[in-house]
Amino acid sequence: LLEKEIEMSLFVVVTFDLKDADASDYAFVKKKLEEFGLVNYVTTKEGKQVNLPANVYTAKFDDKDFEKSVELRDFVDSHLREILEERELKGKYFVFAGRNWAWRIKKV
């Protein structure tokens, strides 16, 4: 029997609403999130990129870097807060990090 190393990853979802922000503020946050590895699409098993709703970003992180989901959540939260504070942006955001995830995206 061959032993196979199972690739384990943590999935992160970030979404946000900015208060009194303009298009350049959203573009700034998007650029910074992309530099950090968060993107506005998901990739199917077949390798196709599917765009997400505006202001929703995702990433996969190797679970070897984070022992618990809460550690990754706090890491992303801290980075997102730095991005918003850098431009003195206000609003609210949501950060999810977890293992054993499944997603679906559909159009209505």
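Is asparagine 40 buried or exposed? I found it buried, because its relative accessibility is 18% (buried is under 20% relative accessible area, exposed over 50%, partly exposed in between, with a 1.4 Å probe and protein chains only).

Before going on, I noted the ground rules. This is a predicted model, where local features need pLDDT of at least 70, side-chain atom pairs count only at pLDDT 80 or more, and totals for chains, interfaces and linings use all residues. Residues are numbered from 1 along each chain as its sequence is written, and side-chain values use heavy atoms, with hydrogens and water left out.

**Entry: the overall layout**

I counted two helices and five strands in the protein (DSSP runs numbered from the N terminus, H or I of at least four residues for helices and E of at least two for strands). Along the sequence the pattern reads β-α-β-β-β-α-β. The C-alpha atoms fill a box of roughly 60 × 35 × 20 Å along the principal axes. Of the 108 residues in the protein, 32% are buried. I also looked at contacts (heavy atoms within 4.5 Å): among those with a separation of 6 or more, 69% are between residues 24 or more positions apart.

**Entry: back to asparagine 40**

I placed asparagine 40 in the loop between helix H1 (23-36) and S2. Which residues does asparagine 40 touch, not counting those up to four places away in sequence? My list is Asn51, Leu52, Pro53, Ala54, Asn55, Val56 and Tyr57. Then I checked its side chain for polar contacts (pairs of N or O atoms within 3.5 Å; within protein, one must be able to donate a hydrogen and the other to accept it, and residues adjacent in sequence count only if both atoms are side-chain atoms). A polar atom of that side chain lies 2.6 Å from the backbone oxygen of valine 56 and 3.2 Å from the backbone oxygen of proline 53.

**Entry: strand S1 and its partners**

Strand S1 covers residues 9-19, and eight of its eleven residues are buried, so S1 is largely enclosed by the rest of the structure. I looked up its pairing next (two strands pair if DSSP finds at least two bridges between them). S1 and S4 pair antiparallel over seven bridges. Within that pair, threonine 15 stands opposite valine 56, and phenylalanine 11 stands opposite lysine 60. S4 is largely enclosed too, because five of its seven residues are buried.

S1 also runs antiparallel to strand S5 (residues 90-98), joined by nine bridges. There, phenylalanine 11 has glycine 98 as its bridge partner.

I stopped at methionine 8, in the segment before S1. Methionine 8 is partly exposed, at 36% relative accessible area. Leaving aside neighbours within four places in sequence, methionine 8 is in contact with Asp62 and Asp63. Its C-alpha atom is 8.1 Å from that of lysine 64, which is 56 residues apart along the chain.

**Entry: the largest pocket**

Which residues lie nearest the centre of the largest pocket? I noted Phe11, Thr43, Lys60, Trp101 and Trp103, out of 14 lining residues. Strand S2 (41-43) and strand S4 (56-62) each supply at least two residues of the lining.

Conventions:
On a 1 Å grid over the protein atoms alone, a cavity is a set of points where a 1.4 Å probe fits but cannot get out, and a pocket is an open set with protein on both sides within 12 Å along at least five of seven lines; lining residues have an atom within 4 Å of a point.
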